[in-house]
Amino acid sequence: MTPDSIKASMASAPPPPDSSGPSWFTPFLPHPALTNGHLQTIVGNFFPRPPFDIPSTEEAVLVDPSDSSRVLCHCHWQPETVRADRLTAVLLHGLEGSSDSRYIRGIAARAWAAGMNVVRMNMRNCNNSEDLTPTLYHSGRSGDVGAVIGHFTTRFGLRRVALVGYSMGGNMVLKLAGEWGNRPPLVAVAAVCPAIDLAAGSDALHELKNRLYEMRFLRGLMRRLRRKAELFPGVYDLNNLGPLRSIRQFDDKIVARYCGFRNADDYYYRSASARVIDRIAVPTLILAAQDDPFIRMYPETRVRVLTNPHILYRETRHGGHCAFLSRDPGDDIHWAEATVVRYLKTVDEGAFPQAPSP
């Protein structure tokens, strides 16, 4: 299926209206100067935010005992007397992002103010943590998210955990939710512009209009790979690698080679949450934008999403990729972050019960 046919199928299938919904949901009205998906995406990536000054602790969490791989987490805990009883939101960034990405800090501050514990989780190697693991990160490492949940649940007796993921991180949290079903302590999931169909998104990035995004990602990935080769010279061989001119080539020559996949297609298939999204059995919110420059969804995946009674899917006409800058004043301009936190609060307060497992 070509990128054009994917977009045509998306256009032919009317999305759930973004102007209606439950009481906690407010329609997205884009900033009047930002009704273009590329503008939303670019401005959203650099839009200034209030100072981030909530108290935090840093911890490297073991996610794979076989090779001692750890991931770096920045945690914001409510007082010990109430910690176990509060909802804990585990936040996961997108490709080449980190726990310090603006959107992660933005939603962390909102969740903390709403009384939640917050864990800003880094994928392997991110936020200058390359020395914590000999491996690379990739979109299929949902087990890392599960290991982080298990670590902090055991340590603090957490009773309720929610996952929030953006883009690549959105795919990972949806994948874990599908693999876990309704396993405690997971009670809710939210994903913003998730890369549910990895192959479709990778190919969309290589479209001419998206090449600037792709090259920016590639530069970051190659810098990280060179850093890994310096730290683990016996593991990574960059000789005769040749130029890599697309994300698909990087995934084919690097991710597949060093992460146990046959090729890029095998990686995309095995790592995509699309394979298990129909098995999600906890309340789940997915926010997407029709003008997202490079997130694509196959028609059959859309059917699985829309027919899962546990998933609430809201697709807006505008919003770009993970931006959703609205016409609301002040910090309320960040519509997706406000919407996700309201959703998590509603689930946690039991305002709508979890649907029975199918």
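Val303 is partly exposed in the predicted model, with a relative accessibility of 49%. This residue belongs to helix H11, which spans residues 299–307. Gln290 stands 13 residues from Val303 along the chain, and a distance of 16 Å separates the C-alpha atoms of the two.

A patch of positive charge is found on the surface, where Arg216, Arg219, Arg223 and Arg226 gather. One of these residues, Arg216, is located in helix H8, formed by residues 211–231. The relative accessible area of Arg216 is 48%, and this residue is therefore classed as partly exposed, the class between the limits of 20% and 50%.

The peptide bond that joins Pro184 and Pro185 is cis, with omega at about 5°. Pro185 is placed in the loop that connects helix H6 (168–180) with strand S6 (186–192).

Positive phi values in residues other than glycine were also noted. For Glu96, phi is near 60°, a positive value in a residue that is not glycine. Glu96 occupies the loop between strand S3 (88–92) and helix H4 (102–113). With a relative accessibility of 22%, Glu96 counts as partly exposed. A positive phi near 60° is likewise found for Cys322, a residue other than glycine. The loop that holds Cys322 runs between strand S8 (311–316) and helix H12 (335–348). Cys322 has a relative accessible area of 16% and is buried, because residues under 20% are assigned to that class.

The cysteines were then considered. A disulfide is a covalent bond between the sulfur atoms of two cysteines. The structure contains zero disulfides. Cys193 accordingly takes part in no disulfide, and the nearest cysteine sulfur to Cys193, that of Cys322, is 4.3 Å away. Viewed from the other partner, the closest cysteine sulfur to that of Cys322 is in Cys193, and the separation of 4.3 Å is too far for a bond.

Technical notes
Residues are numbered from 1 along each chain as its sequence is written. This is a predicted model: local features need pLDDT of at least 70, side-chain atom pairs count only at pLDDT 80 or more; totals for chains, interfaces and linings use all residues. Side-chain values use heavy atoms; hydrogens and water are left out. Patches are made of residues with over 30% relative accessible area and no salt bridge: like charges are joined within 9 Å, nonpolar side chains (Val, Leu, Ile, Met, Phe, Trp, Tyr) within 5 Å. Accessible areas come from the Shrake-Rupley method with a 1.4 Å probe; for residues, only the protein chains shown count as cover. A salt bridge is a side-chain nitrogen of Lys or Arg within 4 Å of a carboxyl oxygen of Asp or Glu. Lys and Arg count as positive and Asp and Glu as negative; His and the chain ends are not counted. The place of a charge is taken as NZ of Lys, CZ of Arg, CG of Asp or CD of Glu. Helices (H or I, at least four residues) and strands (E, at least two) are DSSP runs, numbered from the N terminus. Buried means under 20% relative accessible area, exposed over 50%, partly exposed in between (1.4 Å probe, protein chains only). A disulfide is a pair of cysteine sulfur atoms within 2.5 Å.
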